[in-house]
Amino acid sequence: MLKTVKKLNKGLKGEIIIPSDKSISHRAVMFSSIAKGECIVRNFSSGADCHSTLNLFKQLGVDISFIDDKTLKIRSTGNLIPSNNNNNIYPCGNSGTTMRLVSGILAGQNFDSTLTGDKSLSRRPMKRVIEPLTLMGADITSVDGHAPLTIRGRKLHGIDYNSKLASAQVKSCILLAGLNAEGKTIFTEPYISRDHTERLFNYLEADIKTEGTKVTITPSQMVAKDIDVVGDISSAAFFIVAGLIVEGSDFVIKNVGINPTRSGILDVVKRMGGGIEILNERIVSGEPCADIRVQYNDSLKGCVIEGEDIPRLIDELPVIAVLASQAEGNTVVRNAEDLRNKESDRIKCLVEELTKIGVNIEETRDGFIIRGETELSGGAELESYHDHRLAMSFYIAGLVCKNEIAINGFEWTKISFPEFETLINHLG
Ligand code: S3P
């Protein structure tokens with residue numbers, strides 16, 4: 001679907017409630033499916049990725065029903081049942097989180113299974129989970145490190161693993177495998193990646209301990225409890241950037257998860273001199289949450305984004321590039337080579353497409369450099385490469401382009417944020 005976007009000639013105003021966090025929604029369904037008992041999950045994501053997880057656990061015999069379009073009732077015995085009527089093939093769609101985390105659950109079951117993905121997911125690297133799982137005794141066959149993954153379930157044993165990558169998907173996969181293994185599992189990463197798994201494990205009474213970048217899981221049975229999912233800061237990021245760059249904007253984004261392992265974008269905005277205010281801070285089901293007021297700012301400054309910043313804002317880097325194009329001076333992003341392994345090669349594709357509308361952006365091996373304060377010309381058709389976050393980042397850029405732009409594949413926003421355009425129109 002080709003979507004055209006025109007320059008906004010007035011500021012965004014009002015108030016929106018940001019929809020459910022994708023990472024936490026996935027985990028709410030997965031963990032409630034292997035916990036014992038019955039619970040309610042409120043504010044579940046309407047994105048296609050989280051529905052891939054939901055359908056997969058239904059296939060594995062978990063009793064999941066909708067009370068309304070955002071509220072789930074989940075009842076589980078704590079045991080999964082292989083679904084023989086589909087040859088134990090479980091589709092994960094476009095969702096890396098589903099495939100990587102579920103492989104940690106299925107590797108330790110007493111049945112075999114195969115995880116499949118769409119074209120994009122089948123190109124994404126899976127060795128990062130296959131290798132540590134194999135060290136735990138797992139038996140997984142892949143196509144040269146890619147999906148489909150054939151998993152022959154067996155009893156696993158704990159490991160002490162030092163990951164080269166700061167990845168919440170790898171960490172969560174190993175913690176899930178460790179939950180049902182023999183002996184303790186220790187996982188250490190170079191920088192802290194998002195810690196939703198650790199927080200939710202804690203809340204559901206798993207035996208988990210965190211010391212800096214080291215997490216230890218001792219095999220235990222989780223207990224089902226009601227979960228309220230906070231709003232997604234990665235979705236809010238598009239609005240934060242829009243508010244900062246569209247002249248005259250001043251609005252409030254309500255119910256945003258501000259977990260410090262996810263809120264790198266807030267630090268970057270402050271570093272750039274952007275006007276945001278954090279209001280009504282509170283804790284919801286173990287996750288920090290707040291309302292955010294965003295105001296237009298015409299004196300943003302470029303900055304350096306690197307090292308431990310990266311896992312705290314990895315998904316926001318495409319829209320941060322749009323923000324940097326409107327800031328004075330250079331913005332340099334380093335140590336973000338894993339961006340090439342997302343739903344698209346987000347370094348190459350971002351640079352190619354933003355260049356078409358006049359952004360001064362240079363590709364580097366592990367990031368990009370933007371020379372800012374350019375008036376964006378627009379007047380081009382941008383390819384989303386079936387990548388939801390690129391499609392929405394380009395839309396935000398379109399709001400400040402002199403000439404109309406068109407985005408090909410805009411329908412991919414359904415992966416994480418089907419409400420995106422409705423909410424923009426609400427503020428516009
Ligand atoms: C996610 C972790 C991140 C992120 C992805 C969701 C998660 O991936 O990019 O969108 O829910 O754990 P990596 O762990 O591969 O960095």
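Trainee: In which helix is I24 found?

Mentor: I24 sits in helix α1, residues 22-34. Keep in mind that this is a predicted model.

Trainee: Why is I24 called buried?

Mentor: Its relative accessibility is 6%. The cut-off for buried is under 20%. I24 therefore counts as buried.

Trainee: Which residues does I24 touch, not counting those up to four places away in sequence?

Mentor: I24 touches H196, V229, V230 and E287. Contact here means heavy atoms within 4.5 Å.

Trainee: What separates the C-alpha atoms of I24 and S65?

Mentor: A distance of 18 Å. Along the chain the two residues are 41 apart.

Trainee: Now the whole chain. How do you know that its radius of gyration agrees with a compact globule?

Mentor: Set the value against the rule. A compact globule of 428 residues would come near 22 Å, and the protein chain has 21 Å, so the two agree. The C-alpha trace spans about 60 × 40 × 40 Å along its principal axes.

Trainee: What share of the residues counts as buried?

Mentor: Of the 428 residues, 60%. The chain exposes about 15700 Å², and carbon and sulfur atoms supply 47% of that area.

Trainee: Which secondary structure elements make up the chain, and how many?

Mentor: There are 12 helices and 23 strands.

Trainee: What share of the contacts between residues at least 6 apart joins residues at least 24 apart?

Mentor: In the protein chain, 75% of them do.

Trainee: How many charged side chains are there, positive and negative?

Mentor: The chain has 49 positive and 55 negative ones. The centres of the two sets lie 2 Å apart.

Trainee: Turn to S416. Where does S416 lie, and is it buried or exposed?

Mentor: S416 is in the loop between β23 (405-408) and α12 (420-427). Its relative accessibility is 5%, so S416 counts as buried.

Trainee: What makes the pair S416 and H388 a polar contact?

Mentor: Their side chains are joined at 2.7 Å. The cut-off is a pair of N or O atoms within 3.5 Å. H388 is also one of the residues in contact with S416 beyond its neighbours within four places in sequence; the others are K22, S45, G47, R389 and M392.

Trainee: What makes the backbone of N88 and N280 worth a look?

Mentor: Most residues other than glycine have a negative phi. Phi of N88 is near 60°, a positive value. N280 has a positive phi of about 50°. N88 is in the loop between β5 (71-76) and β6 (89-91), while N280 is in strand β16, residues 275-284.

Trainee: How do you know that the peptide bond between A147 and P148 is cis?

Mentor: Omega is about 0°. Most peptide bonds are trans. P148 lies in strand β9, residues 146-152.

Trainee: Last, helix α10. Which of its residues are buried, and what covers them?

Mentor: In α10 (residues 348-356), C349, L350, V351, E353 and L354 are buried. Their cover includes α9, β20, β21, β22 and α11. G358 follows α10, and its phi is positive, near 100°.

Terms used: Residues are numbered from 1 along each chain as its sequence is written. This is a predicted model: local features need pLDDT of at least 70, side-chain atom pairs count only at pLDDT 80 or more; totals for chains, interfaces and linings use all residues. Side-chain values use heavy atoms; hydrogens and water are left out. Helices (H or I, at least four residues) and strands (E, at least two) are DSSP runs, numbered from the N terminus. The radius of gyration is taken over C-alpha atoms; the globule rule is 2.2 Å times the number of residues to the power 0.38. Buried means under 20% relative accessible area, exposed over 50%, partly exposed in between (1.4 Å probe, protein chains only). Accessible areas come from the Shrake-Rupley method with a 1.4 Å probe; for residues, only the protein chains shown count as cover. Lys and Arg count as positive and Asp and Glu as negative; His and the chain ends are not counted. The place of a charge is taken as NZ of Lys, CZ of Arg, CG of Asp or CD of Glu. A polar contact is a pair of N or O atoms within 3.5 Å; within protein, one must be able to donate a hydrogen and the other to accept it, and residues adjacent in sequence count only if both atoms are side-chain atoms.
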